[in-house]
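Open the structure in your viewer and keep the selection tool at hand. The tour goes from one selection to the next and says what is there.

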Amino acid sequence: MLIIGIAGGTGSGKTTVVNKIIKSLPAGEVAVLPQDSYYKDSSHIPPEERSKINFDEPAAIEWSLLVEHLHQLKDGKTIAMPTYSYLTCTRQAETVEVEPRDVVIVEGILVLTDPVLRDMLDVKVFVDADADDRLIRVIARDCVERGRTPMTVINRYQEVLKPMHSMYIEPSKRTADLIVPQGGNNTVAINLLTDYIEARLRKARLNKA
């Protein structure tokens with residue numbers, strides 16, 4: 001099993017990179033664990049207080065569960081991945097069954113900040129993008145998918161996203177094996193990454209034969 005961590009700032013194009021990797025490999029060969037699925041449950045906090053929670057710092061993630069699930073997948077076990085609602089800021093009762101695959105991608109802004117998780121990654125990728133481009137994508141996404149107003153998104157960007165990016169996400173870039181500039185538009189870097197993944201998989205299959 002090849003475990004790949006894909007990190008980068010909010011709106012940098014991580015999901016685009018992940019999707020292009022999945023499309024380049026045979027169907028059913030990749031499992032994806034989004035970091036956002038492992039946000040700590042906030043259902044015990046009054047709804048009016050949940051909006052004040054900082055979801056862009058490492059403390060917001062239940063890293064121990066994510067690491068445990070990776071160990072289970074490596075052991076050939078199927079996991080019940082949690083789901084999270086951005087509208088209510090709570091973990092949902094529903095889970096998603098994820099089976100072991102040859103490639104497991106862990107994707108999220110903070111993936112390279114946790115040392116235990118980082119040590120489990122065979123390949124560490126940081127998707128980089130211009131701050132203005134990221135802000136535009138965040139505004140478009142949050143207004144459509146998360147029911148926020150443009151001004152709410154901009155205020156949150158200035159008060160939370162930007163300082164958290166500087167404090168946690170940008171420094172984690174130094175731990176990456178591969179930096180992908182220009183986000184999901186960098187076809188050359190994505191092709192190099194997928195070629196490397198395919199080469200690793202071929203080598204693993206030969207070793208098993």
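The stops below cover a sheet, a helix, some salt bridges and a loop residue.

The model is predicted: local features need pLDDT of at least 70, side-chain atom pairs count only at pLDDT 80 or more, and totals for chains, interfaces and linings use all residues. Residues are numbered from 1 along each chain as its sequence is written, and side-chain values use heavy atoms, with hydrogens and water left out.

**The sheet**

Select the strands β2, β5, β1, β6 and β7, which form, in that order, an open sheet of five strands with parallel pairing. Helices (H or I, at least four residues) and strands (E, at least two) are DSSP runs, numbered from the N terminus. Two strands pair if DSSP finds at least two bridges between them. At the edges are β2 and β7, each of which pairs on one side only. On average, neighbouring strands of this sheet are turned by 20 degrees against each other, direction ignored; the axes are lines fitted to C-alpha atoms, and angles run from 0 to 180 degrees between N-to-C directions.

Next, show β1 (residues 2-8) together with β6: the two run parallel and are joined by five bridges. Within this pair, Gly5 stands opposite Lys124 in β6.

**Helix α3**

Select residues 63-74, which make up helix α3. This helix has 12 residues and spans 17 Å from its first C-alpha to its last, close to the 16 Å expected at 1.5 Å a residue; the expected span is 1.5 Å times one less than the number of residues.

Which residues of α3 are buried? They are Trp63, Leu65, Leu66, Val67, His69, Leu70 and Leu73. Buried means under 20% relative accessible area, exposed over 50%, and partly exposed in between (1.4 Å probe, protein chains only). The buried residues of α3 pack against β1, β2, β3 (79-85), β4 (90-98), β5 and α4. Following α3 is Gly76, which has a positive phi, near 85 degrees.

**Salt bridges**

How many salt bridges does the structure hold? There are seven, a salt bridge being a side-chain nitrogen of Lys or Arg within 4 Å of a carboxyl oxygen of Asp or Glu.

Select Glu29 and Arg205, which form a salt bridge with their closest N and O atoms 2.4 Å apart. The pair links distant parts of the chain, 176 residues apart: Glu29 is in the loop between α1 (14-24) and β2 (30-34), and Arg205 is in helix α7 (residues 187-208). Glu29 counts as buried at 10% relative accessibility, whereas Arg205 is partly exposed at 40%.

Move on to Asp128 and Lys173, whose side chains meet in a salt bridge (3.0 Å, N to O). This pair also links distant parts of the chain, 45 residues apart, with Asp128 in the loop between β6 (123-127) and α5 (131-145) and Lys173 in the loop between α6 (150-172) and β7 (178-180). Lys173 also meets Glu170 in a salt bridge (2.7 Å, N to O). Lys173 is buried at 18%, while Glu170 is partly exposed at 30%.

**Thr113**

Finally, select Thr113 in the loop between β5 (103-107) and α4 (115-120). Is Thr113 buried or exposed? Thr113 counts as buried, because its relative accessibility is 18%. Its side chain reaches the backbone oxygen of Leu110 at 2.6 Å. Not counting residues up to four places away in sequence, Thr113 touches Pro58, Trp63, Arg118, Tyr168 and Ser172, where contact means heavy atoms within 4.5 Å.

How values were computed: Polar contact = N/O pair within 3.5 Å; in protein donor to acceptor, adjacent residues only side chain to side chain.
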